[in-house]
Amino acid sequence: MSEAIGVSILGATGSVGASALEVIRMHPDRFKAVGLSAWQQTDALMALVCEFSPAIAAAAPEVLSSQLVRAGKFPDTTRYCSGTAGLKETAAHPDAATVVAGISGAAGLESIFAAAHAGKRILIANKEPLVMCGNLLRRVARESRARLFPVDSEHNAIFQCLPEGLQREVIAGRGLTENAIEPAVTHVTLTASGGPFLRTAAADLNTVSIDAALEHPTWKMGPKISVDSATLMNKGLELIEACMLFGLDESQVEVVIHPQSALHSVVYFEDGSLIGQMANPDMRIPIAYGLSYPDRIPSGVPPLDLVAMGRLEFEAPDIERFPCIGLARAVIRQGGSAPIVLNAANEVAVEAFLAGMIRFSDIPSLIDAVLNTYENASATELSVVLSIDQEARAAARNILAKGLYRIGV
Ligand code: MG
C-alpha cells in the first residue's frame, strides 16, 4: 500500500467532521488527518490535535492565544493558525490532497474556494458553496483541476447512481448537460424525511417549540440543519445544490417525502429505469465513498436490514404547509443573486427562531419578505457573493426588527 492520503477536515468538531474522523480512524493505512479546524470548540479540537498530530490546526482568532498554544501541552509539530486566513491555510495546506468541507453556513465559503484554487480533491458536505455560487465553484474547479465530490447524502446518492463517465464529468466541475456525452439521465428525485412536523396541521406550526423543531426523526445533525429539515428548507437548498452540481434545470429535480430515509435519492434514465441508493442514514457512507472513490471501503455502518424496515413509503410534499420548497424553486428560476439572498435570509430566520424571537411559521415569511426587497443581480466573483450575502443578512435583520415579515403571507 502506498503512503496514506493527507486529509484536511474543515469543521472537525461538527457532525460531518466527527463522521470523517471515524472513517479515517478505521483506515490509518489509507488516510491521515493532516489539517483540522474548529471555531469555538477548542477543547474538542485540542483533543483531536493530540490524537492525530496534524500538520496544521485552525480556530477562531479570540481563542487562539488563550488555548491553542499552551507551551508543552500540545504537539509542537502542529502549526496553529486562526480566523478565516487560518481556515484557508488549512484548506490549501500542501500535505492535504483531500479536503472535507464540513463548515455549515456561509462561513465555510472562503475556505472551500481556497481548496479549489489549490486543486484539491474536495468533499463538499456543506451546502452553501453550491447554493450561493455553485457555478463559480465549478469554474474554479475546472481551471485549477480541483475535483468535487458531493457528500450531502442525497447528492452523494445521485452521484453513486450515475454511470462512471458522468461521474467523471461531475467531479471535474462539469454538469451532466454540458458534456459531449449524451446524457441518458432525464431527471432526479431528492428524497426527504419530511422532518418532525410531517403530520402537523398548518395552524399548529405557529406554536411548535424550538426543542420539537430540533428533533429530527432519522438523522442526527446540528441545530441549523435540523431546523432546515423541519421547515423543508433543507430540501429547498438541496434542490438548488442539485441544479448547480449536476447542471440540471429546476424542472428536472423532484422532491418526494420518504419518512424512512432509507432510499437517499433516485436517478431516472430515458429507458424508464430508476436507480437509487439505499443505506442506513449515516454520513460515514457518503464520506467514505468520497474519500476512497472509485473504490469502496468499509465505513463502519451496518447494511440496511430490508426485512426489519418492512416497508418504504413515498408521498408528495405539501408545499402549502412547507412553502420553503416553492421559495427555492422560484430562486433557481431567477438565478443570479437570488439563491444568495435566500440562503442569507434563511440563516438569519433560523437564528431568530432558535433565539425565540420569531415563530416557526415566520421563517418562510421572513425569507419571502427579504427576497421581495431585492433586485436580482449577477454574482460571478466571490467578493460580490460575500457582499450580497452581508447585505441580505442586514436586510433580513432590518425586516426582523420591524416585524414586517408577518405581512403578506
Ligand atoms: Mg442532505
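Me: Is D152 buried or exposed?
Reply: Buried means under 20% relative accessible area, exposed over 50%, and partly exposed in between, using a 1.4 Å probe on protein chains only. D152 has a relative accessibility of 6%, so D152 counts as buried. This is a predicted model, in which local features need pLDDT of at least 70, side-chain atom pairs count only at pLDDT 80 or more, and totals for chains, interfaces and linings use all residues. Residues are numbered from 1 along each chain as its sequence is written, and side-chain values use heavy atoms, with hydrogens and water left out.

Me: Which residues are the protein donors of the magnesium ion?
Reply: Donors are N, O and S atoms within 2.8 Å of the metal (3.2 Å for Na, K and Ca); water is not among the atoms, so sites may look incomplete. Here the magnesium ion has D152 (OD), E154 (OE) and E238 (OE) as protein donors, lying 2.1 Å from it.

Me: How are the donor residues spaced in sequence?
Reply: The spacing is D-x1-E-x83-E. Helices (H or I, at least four residues) and strands (E, at least two) are DSSP runs, numbered from the N terminus. E238 is buried too, at 1% relative accessibility.

Me: Where is S337, and what does S337 touch?
Reply: Contact means heavy atoms within 4.5 Å. S337 lies in the loop between α14 (324-334) and α15 (338-354). Leaving aside residues up to four places away in sequence, S337 touches E375, N376, A377 and I388. With a relative accessible area of 2%, S337 is buried.

Me: How many disulfides does the count give?
Reply: A disulfide is a pair of cysteine sulfur atoms within 2.5 Å. By this rule the count is zero.
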